[in-house]
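The sequence and the structure come first, and the description follows.

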Amino acid sequence: MSVISLRNATKRFPGTGGEPHTAVRDLTFTVDAGEFVAVVGPTGCGKSTTLSLVSGLEPASSGEVDVNGEPVRGIPDGVGYMFQSDAVLPWRSVLDNVAAGPRFRGLGKQQAREKAMVWVERVGLAAFAKYYPHQLSGGMRKRVALAQTLVNEPKIMLMDEPFSALDVQTRALMQDELLRLWAGTGAAVIFVTHDLEEAIALADRVVVMTSSPATVKAIFDVPLPRPRDVEEIRLTPEFVAAYREIWDTLREEVARARAEAMGRAS
Ligand SMILES: Nc1ncnc2c1ncn2[C@@H]1O[C@H](COP(=O)(O)OP(=O)(O)OP(=O)(O)O)[C@@H](O)[C@H]1O
């Protein structure tokens, strides 16, 4: 069953010159329970706006966006977020950062900490539970952010380039970690990325967006088995074939976006 469904969803923002600016147009795709969908497209095409429509942060100007079978009006329950910049609070320990969500949702301090500790352990930070964010590496902070998201047991996870600021090795580690932890949750994921390799390594399906204003250009199934080791899987012929096929479609859009950006600059 689809837990996320967009039908001809369009978003227009007020433009600077009075004319409305269309950020995304006629978006149509669905995400099933337990499905991992990656969204790729050229820079600035409207990927983050797509997530804003699903998260209820921005209402659609036309078309329909449903979450759990209901039209999105405001921020739906059971949705977890992870963005490029994390929401780790510097004045709280790792454990208290992770416990903040359960506290907010009404658990007592002790219960929230117990629940948080389970996730702190799962993301491999048990020895660092009392540390403060400034004492952690970038990868460790991302682990905290992942625990902060997963501790709330979201049925939907919206991820906007969560690992793009990490170095290549830490990034691969975090991708593996995400897949391992997500596997037990049954959550539907939309993962926005610039990086086609990352999209294929992680996802069940890849949605390719056109250049701005974005619409869905094509949707590809990723025929790779799970569980996956993201560094190993990149070397398989199936991965390379999927990469070629999807890149053929994405390349035109990236070229078009570049040409438009150069046109604007000149
Ligand atoms: N709140 C807003 N008000 C006005 N325009 C906006 C707003 N949010 C996004 N836009 C515009 O919508 C378009 C798409 O932006 P969006 O951030 O969704 O793209 P993106 O594909 O996520 O970008 P990137 O690849 O750089 O992360 C851009 O032209 C942007 O300026």
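In this predicted model, β2 (20-32) and α1 (47-55) are the elements that each supply at least two residues of the shell around the ligand. The largest share of that shell comes from α1, which contributes 3 residues. The residues around the ligand are Phe13, His21, Ala23, Gly41, Thr43, Gly44, Cys45, Gly46, Lys47, Ser48, Thr49 and Ser212. Sorted by class, the shell around the ligand holds 8 polar residues, 3 nonpolar residues and 1 charged residue.

The other part of this report concerns strand β9 (residues 205-209), which is largely enclosed by the rest of the structure because 4 of its 5 residues are buried, a residue being counted as buried when 20 or more other C-beta atoms lie within 10 Å of its own. Strand β9 pairs with strand β3 (residues 36-40) in the parallel sense, and with strand β10 (residues 216-221) in the antiparallel sense. The two pairings are set out below.

| Partner of β9 | Sense | Bridges |
|---|---|---|
| β3 (residues 36-40) | parallel | 4 bridges |
| β10 (residues 216-221) | antiparallel | 5 bridges |

Individual residue pairs can be named for both pairings.

How values were computed:
Residues are numbered from 1 along each chain as its sequence is written. This is a predicted model: local features need pLDDT of at least 70, side-chain atom pairs count only at pLDDT 80 or more; totals for chains, interfaces and linings use all residues. A residue is buried if 20 or more other C-beta atoms lie within 10 Å of its own, exposed if 12 or fewer, and partly exposed in between; C-beta atoms are placed from the backbone. Two strands pair if DSSP finds at least two bridges between them. A residue is near a molecule or strand if its C-beta atom, placed from the backbone, lies within 6 Å of it. Ala, Val, Leu, Ile, Met, Phe, Trp, Tyr, Cys and Pro count as nonpolar, Asp, Glu, Lys and Arg as charged, and the others, Gly among them, as polar.
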